[in-house]
Amino acid sequence: MGLFDDMLKDSESLFLNEMELDYDYVPKIVKYREDQQQHMATCIKPLFQNRNGTHLLITGRSGIGKTVAVKKVFEDLEKETLDIIPIYINCWKKDTFYKIALHICEKVGYKWVHNKKGDELFKEACALLNKKKVVFCFDEVDKLEEQSILYSVVEDVYKKSIFMVTNEKDWLAKLDQRIRSRMIPEILEFEPYNYDETKGILEQRKESAFVSGIWDDDAFEKVVEKTVELGDIRVGLHMLRESGNAAEIKSSKKIRMPHVESAVKKLDSFKIRDSKDLGEEENFIIELVKAKPDINLVQLYEDYKKKYNQSYRTLQRKVADLEGAGLLSVKESTTKQGGKTSSLNVASKKLTEF
Ligand SMILES: Nc1ncnc2c1ncn2[C@@H]1O[C@H](COP(=O)(O)OP(=O)(O)OP(=O)(O)O)[C@@H](O)[C@H]1O
Ligand SMILES: [Mg+2]
């Protein structure tokens, strides 16, 4: 073997289709979620016979294929018929009546949206929707600022099936009683993937994202183990990509254990790279700041310690991490007495990006 045989040339890449590692990429087949996809299809089925569909509350922890399974079903539905319109709404991004009404208008091709209020937009969209049948998916439904959109959909859209997706198992209890009594959903619970399933999913993504044969078996095994440990497929996708990058930086033609190890080291910052990776405490902090814009750290600590028995320093560290992840903005200012204070706000741009 020549000295440089194992070296990647400038023009070469280990990645074949890097975008297949994107979190929102929908693969051709969503493995191991066949039963759940079947359940969703059964809820939609009555719409094919012009009857009302069944509503569904989809729950389960983060990173286990809820969103991707719904998107796959919607893709298949779009291929099957033009009579049933699937409308997917991410309620992190679109959390008000107006934003969602506008989104629905875009989806149904209603263009005269200027200078119209939310309820006017919804009325126009409804007139078009009611010529057909609709499946709605309100993903991250617990992030809705205004539940009234659910009420309007239940009341004013004739033939529909409504899917709601959330990590919070008991979210239904938080739903306004008037909506709940009009829309009693079936529950579809997603269980975490086991070891073999996690491996199968990552194998599939690896095969399509990378040049064939460049992964050392034990290096890939390490990615699988770490993903199983953290129970979130996003971690695996992130590590596949980061390991590939680490190998490319070293101009290596193979992805080996040291490359994966350097990717594992970066996982800490990954943990709060986006809202999906926030722990309960971090979510609580964000909610507090959201409720009280410009709150300072001392005031925040007053609220925080009511729920968590933690030190001021712990809160400081968590706030710094959240700031580092671009989820909180911290502004330092000087008080009238000359002391230093900081005011906290949710970095709304980031929050609406995912
Ligand atoms: N069965 C699968 N086949 C291929 N990719 C999968 C599968 N399950 C999950 N993934 C991938 O893992 C990532 C996380 O999945 P998804 O976004 O569906 O999680 P989720 O359950 O909706 O999580 P969250 O509650 O945080 O929104 C996505 O990039 C998705 O493509
Ligand atoms: Mg999701």
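This is a predicted model: local features need pLDDT of at least 70, side-chain atom pairs count only at pLDDT 80 or more; totals for chains, interfaces and linings use all residues.

Reply: Residues of the shell around ligand 1 come from both domain 1 (18-22 + 194-271) and domain 2 (34-189), so the ligand lies between them.

The shell itself comes next. Ligand 1 is surrounded by 19 residues, and the closest are Ser62, Gly65, Lys66, Thr67 and Ile233. Two elements, α2 (66-80) and α9, each give two or more residues to this shell. By residue class, the shell holds 9 nonpolar, 5 polar and 5 charged residues.

The buried residues in α8 are Ala219, Phe220, Val223, Val224, Thr227 and Val228. Their spacing can be read against helix geometry. In an α-helix there are 3.6 residues a turn, so residues three or four places apart point the same way. The length of α8 (residues 217-230) can be checked as well: its 14 residues should span 20 Å at 1.5 Å a residue, and the end C-alpha atoms are 20 Å apart, which agrees. Just after α8, Gly231 has a positive phi of about 65°.

Strand β1 (residues 56-59) runs parallel to strand β4 (residues 160-166), joined by 4 bridges. In that pair, Thr59 is opposite Thr166 of β4. β1 also pairs with strand β5 (residues 186-189), again in the parallel sense and over 4 bridges. Here Ile58 has Leu188 of β5 as its bridge partner. Another parallel pair is formed by β2 and strand β3 (residues 133-139), with 7 bridges. Asn90 stands opposite Asp139 in β3. Strand β2 (residues 84-90) is mostly covered, with 5 of its 7 residues buried.

An open sheet of 3 strands has the order β6-β8-β7, and its pairing is antiparallel. β6 (295-296) and β7 (328-334) are at the edges with a single partner strand each, so one side of each has no neighbour in the sheet. β7 and strand β8 (residues 340-346) are joined in the antiparallel sense over 7 bridges, and Ser333 stands opposite Thr341 in β8.

Some totals give the wider setting. The protein has 15 helices and 8 strands. Its C-alpha atoms fill a box of roughly 70 × 65 × 40 Å along the principal axes. Of its 354 residues, 30% count as buried. Among contacts between residues at least 6 apart in sequence, 71% join residues at least 24 apart.

To return to the part asked about: ligand 1 lies between domain 1 and domain 2, because both give residues to its shell.

Conventions: Residues are numbered from 1 along each chain as its sequence is written. Chains are lettered from A and ligands numbered from 1 in the order in which they are written. A residue is buried if 20 or more other C-beta atoms lie within 10 Å of its own, exposed if 12 or fewer, and partly exposed in between; C-beta atoms are placed from the backbone. Two residues are in contact if their C-beta atoms, placed from the backbone, lie within 7 Å. Two strands pair if DSSP finds at least two bridges between them. The expected span of a helix is 1.5 Å times one less than its number of residues. A residue is near a molecule or strand if its C-beta atom, placed from the backbone, lies within 6 Å of it. Ala, Val, Leu, Ile, Met, Phe, Trp, Tyr, Cys and Pro count as nonpolar, Asp, Glu, Lys and Arg as charged, and the others, Gly among them, as polar. Domain bounds come from an automatic or database domain assignment.
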